[in-house]
Structure formats: C-alpha cells, structure tokens
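Me: I am new to this structure and would like to go through it with you. Could we begin with the ligand?

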Amino acid sequence: MTILDEINANKRREVAEAKEKISLDDLKKSPFFSRRTISLKAALHKSGSSGIIAEFKTKSPSKGVINENAEVTEVTSGYVAAGVCGLSVLTDRNYFGGSFENLAKARFANPATPILRKDFMLDPYQVYEAKAHGADLILLIAASLSKEEMLKLTELAKELGLEVLVEVHTQEEIEKLNPLVDLVGVNNRNLKTFEVDVETSVRLGKLLPESMVRISESGLSSVENIRYLRKAGFEGFLMGENFMKTDDPAKACAEFIKNL
Ligand SMILES: O=C(O)c1ccccc1NCC(=O)[C@H](O)[C@H](O)COP(=O)(O)O
C-alpha cells in the first residue's frame, strides 16, 4: 500500500463520517456558497504576475512537522503582501495538519486572492465542502481517480463556479485530462518514494496539451528553479515547505519573490 492509497482510504472514511454530520443542504446554506469565486488562471495571466502559489502546510508525510507555530491568517496575508498570485490551504488534518477552519480564515483575510482547497478529492460531497468553506479551486489528483470520476468531479466543480487543477505525475495520467480542466499541475514529488525531481515537470510539460496552463508543484526551493521552469513553459509554481520551514514564512516568501 502506498502513502497515497493510505491517505485515500482514510479520506473515504472521513467523507462518510462528514456526510452523516452535515447534509449537502446545510453545506449549501454557507454564506460562502453564493460568493463569486476568483480565477487563479486569470491571476497567473496578469502582467507582472510572480506565478507563485504559496501553500500553508504545517506537516506532511514526507517531512513530518514542518512548522507548528505558524498561524494561518498571519502567514497567508503575509504571502499576499509578498506578491503571490494564489494561495493553497491544506484541509487534510491527519496527514497535513490542515482544517476547514484554516481555509475559512485564509478566505476572510484574503478576499481578493484565489485559494486552492488542497486535499484528496474523491467524492462529489468534497466539492460542495470546498465551495462552502471559501475555496476558489480544487485539486484533483489523477493517480487517485479514473478518467470518468475526474470528469464528473470537474463538471460539478465548474457548475459551482470553482476552477479545477489536475495533478499529474506520469504520462498515463495525462490521458485522464478533459477539456473542462482549467490548470494542470505536474507534481515533482513521486508520492510512492517521496523523491523530488524538477525534471519531471520539464519532461511531462512537453506532453501536455498546448492550451493548458502549467503549474509545477513540490520541491521548488530556488529562484533558479523558477527561471528554468518558466523557460519550459510553466506559469505557476506551487511552493509549500521552502517558506513554511522558516520562522517567518511570509518574510521568506517576500525575499524569494523580490529576487525573481
Ligand atoms: O508533501 C508530501 O509529503 C506529500 C505526501 C503525499 C501526498 C502529497 C504530498 N504533498 C502535497 C503537495 O502537493 C505539496 O504540499 C505541494 O506540492 C507543495 O510541495 P512542497 O513545496 O514540496 O512543500
């Protein structure tokens, strides 16, 4: 069993429990449900965009505890002041220390910035949850879904006004993309071995449909990484640990963006 299999099995249990506690009708009553969402794609295409999508991530399966003191409002508003074009907030509690509370806090603090609900999405119920807690887009991990499942979740997200970022790590996973997908993220981290290789983005980037907005995810730690990936056609760069492992993630992010 890989870590992704384990996380997904746990997620299925969590979703079943959540459905018992909060009905779809209740999720639809959230004040966030009628909110107009913000496009990450548009933010990436704005002239002068840094392309950085900074993640609030306090722990991970590969690194354990990354930062136990970070406070979501302070860090995410600092990221926005630093010039990121989007935020990613983990909502998985067991493996990443995330929560819906963090997502809602980031939403309140950053009303004009696109926010990704970063979680392991397997069930349509989770798409409603994302909208109800203030997200603008969701992540679908191709390794966890069939082409048909991915299409259904994408259609629902689009219906609710959410953008869809599909994460791929292999050529076979690219075959699962559908025309409704807004952005494609190449994960540089192999979720079976945790090995990180930026060349994965360059290799798979060449195989992606021309029209797709490309995001490189994981293991990015230097300005040189970003320049190299920009030349390879990437417009977005999802970065978590590099900022979160410092005492002041927002300051680290500001210094990084200043040097881009
Ligand atoms: O980060 C992990 O250890 C991990 C393990 C299993 C599944 C997913 C995992 N990470 C999720 C992510 O996509 C990253 O948090 C994101 O790309 C940022 O990566 P990084 O900049 O390396 O923190």
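Me: Which elements each supply at least two residues of the shell around the ligand?
Reply: They are β10 (236–239) and α12 (241–244). Helices (H or I, at least four residues) and strands (E, at least two) are DSSP runs, numbered from the N terminus. This is a predicted model: local features need pLDDT of at least 70, side-chain atom pairs count only at pLDDT 80 or more, and totals for chains, interfaces and linings use all residues. Residues are numbered from 1 along each chain as its sequence is written.

Me: How many residues surround the ligand?
Reply: There are 17, with Ser60, Ser62, Ser218, Gly240 and Glu241 the closest. A residue counts as near if its C-beta atom, placed from the backbone, lies within 6 Å of the molecule.

Me: And how does that shell divide by class?
Reply: The shell has 6 nonpolar, 7 polar and 4 charged residues. Ala, Val, Leu, Ile, Met, Phe, Trp, Tyr, Cys and Pro count as nonpolar, Asp, Glu, Lys and Arg as charged, and the others, Gly among them, as polar.

Me: New topic: what does UniProt place at residues 4–255?
Reply: The unreviewed UniProt entry gives "domain: Indole-3-glycerol phosphate synthase" there; such annotations may be inferred rather than shown by experiment.

Me: How far apart are the end C-alpha atoms of that span?
Reply: They lie 33 Å apart, and residues 4–255 are 42% helix and 17% strand.
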